[in-house]
Amino acid sequence: MNELDHFRQNALAPSHNADIAEALVARSGLRVDAGRRRGRGTGINPTGRFETRTRHVFDDGWESLEDLPAFKTEVQIEKPRTIISKNNSPDLSFDRSINAYRGCEHGCVYCFARPTHAFMGLSAGLDFEARLFAKPDAPKLLERELSKAGYKPRVIAMGTNTDPYQPIEKKWRISRQLLEVLNACNHPVGIVTKSSLILRDMDILSQMAEKGLVKVALSVTTLDRRLARTMEPRASTPVRRLETMRALSDAGIPVAVMASPVIPGLNDHELERILDSAKAAGACTATYILLRLPLEVSPLFRDWLLRHYPDRYRHVMSLVRSMRGGKDYDADFSKRMKGTGPYAWQLARRFELASKRLELDKTWRSLRTDLFIPPAGSGVQLNLL
């Protein structure tokens, strides 16, 4: 164990230890200069876990670090063979999903999807936020897959891995094109986002809502603007998300609030306030998910916590581990969303009581699948005979 890991696991509470943390991180060769990562969620860019070589940043005495450019968002085109992903996870309410993008510019430091960037030979850190992949063929692929003989419609989830309305969607408009395909063939869809950009597609969403084909969940992590700015730097502000919730609800689109992730010792005290605000904004149901720290997400989150809240580091990580069997994370399907132990039990009861009081404990109205009409567009593969 190096001294950085030792400090992270045994960090003291007083805030003056932040200087020690900064020095140790800088010495480790992981820290990226603040000027280069401005507006990003993470402060490090560790090598992907599948790579045979690791990279370390250091000053060789020639001041070469000053010449390195800032991390700018780069988008590459990805051409997958299929676009609908299937899963059989027992703790998920859907068995198929679509992700129009790989990586997410929102930069949420806690994002459980960060480790997927390792499959591209990239880092789960700053690479995940800045080196993105778009799938412009997604609408045609969707048409092709929906037109296959024997296809049975079930709700397709959008936004399960990366946000379909992250900033680059303004230019690429892939999520909108996907909705156009789904609307044309009356296919149900569930959307998860934390972006007000979804209001751009209100025309399509309203049409689908009239037919009982769409539901939207807005993720609200905190109502503290400062905390949101550091933890999810390029996502819509908390107030803007609540305004988006109100606009969707007023348009007749079923909307839920996701109080996720709940981070013990950091934002868990806001749980009831978030639910109260969401109810006032028109939410009809609510869910929550406990902070998840799989693989590379754990060191990324711990480094962030040391930089921004060094006085809470020891307390937060102690509570997290108390709900994860002494570890930073437990991937067991029955435990990964809610955790275990007394503190996890207390969170569950608080959520249960608040949801019942606010009448947010209702289940989603089932979306219709009986209206489905197989597409017949240009992306459809014709039968041979």
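Trainee: How do you know that helix 6 and helix 7 are roughly parallel?

Mentor: Helix 6 and helix 7 (residues 202-210) pack at an angle of about 25 degrees, and their axes lie 10 Å apart. Axes are lines fitted to C-alpha atoms, for helices over the stretch in contact, and the angles run from 0 to 180 degrees between N-to-C directions. Angles under 35 degrees count as roughly parallel, over 145 as roughly antiparallel, 65 to 115 as roughly perpendicular and the rest as oblique. Helix 6 is therefore roughly parallel to helix 7. Helices here are DSSP runs of H or I with at least four residues, strands are runs of E with at least two, and both are numbered from the N terminus.

Trainee: On what kind of model do these values rest?

Mentor: The model is predicted: local features need pLDDT of at least 70, side-chain atom pairs count only at pLDDT 80 or more, and totals for chains, interfaces and linings use all residues. Residues are numbered from 1 along each chain as its sequence is written, and side-chain values use heavy atoms, with hydrogens and water left out.

Trainee: What is the hand of the crossing of helix 6 and helix 7, and which residues meet there?

Mentor: The crossing is left-handed. A crossing bears that name if the near helix is turned anticlockwise from the far one by less than a right angle, and it is right-handed if clockwise. Arg-176, Leu-179, Glu-180, Leu-182 and Asn-183 of helix 6 meet Asp-203, Ile-204, Leu-205, Gln-207 and Met-208 of helix 7; contact means heavy atoms within 4.5 Å.

Trainee: Why is helix 6 described as largely enclosed by the rest of the structure?

Mentor: Buried means under 20% relative accessible area, exposed over 50%, and partly exposed in between (1.4 Å probe, protein chains only). Eight of the 11 residues of helix 6 are buried, so the helix is largely enclosed. Among the buried ones are Ile-174, Leu-178, Leu-179 and Leu-182. After helix 6 comes Asn-186, with a positive phi near 55 degrees.

Trainee: Which residues does Leu-179 touch beyond its sequence neighbours?

Mentor: Leaving aside neighbours within four places in sequence, Leu-179 is in contact with Met-158, Tyr-165, Val-189, Ile-191, Asp-201, Ile-204, Leu-205 and Met-208. Leu-179 also belongs to the largest nonpolar core, of 63 residues, where Leu-142, Leu-146, Leu-179, Ile-191 and Met-245 touch the most other members. Such a core is a set of buried Ala, Val, Leu, Ile, Met, Phe, Trp, Tyr and Cys residues joined through side-chain atoms within 4.5 Å. Apart from it lies another core, of 24 residues, among them Cys-104, Cys-108, Leu-305 and Val-316.

Trainee: What makes strand 2 and strand 10 edge strands?

Mentor: Seven strands form an open sheet in the order 2-3-6-7-8-9-10, with mixed pairing. Strand 2 (84-86) and strand 10 (285-290) each pair on one side only. Two strands pair if DSSP finds at least two bridges between them. Strand 6 (residues 156-158) and strand 7 (residues 189-193) run parallel and are joined by three bridges, and Met-158 stands opposite Ile-191 in strand 7. Helix 6 (residues 174-184) packs on this sheet, touching strand 3 (96-98), strand 6 and strand 7.

Trainee: Why does His-106 count as buried, whereas Ala-247 is called partly exposed?

Mentor: His-106 has 2% relative accessibility, which is under the limit of 20%, so it counts as buried. His-106 is found in the loop between strand 4 (101-102) and helix 3 (126-130), and its contacts include Asp-163, Lys-194 and Glu-232. Ala-247 has a relative accessible area of 24%, which lies between 20% and 50%, and therefore it is partly exposed. Ala-247 is found in helix 9 and touches Leu-199 and Met-202, not counting residues up to four places away in sequence.

Trainee: How much of the whole protein counts as buried?

Mentor: Of its 385 residues, 55% count as buried.
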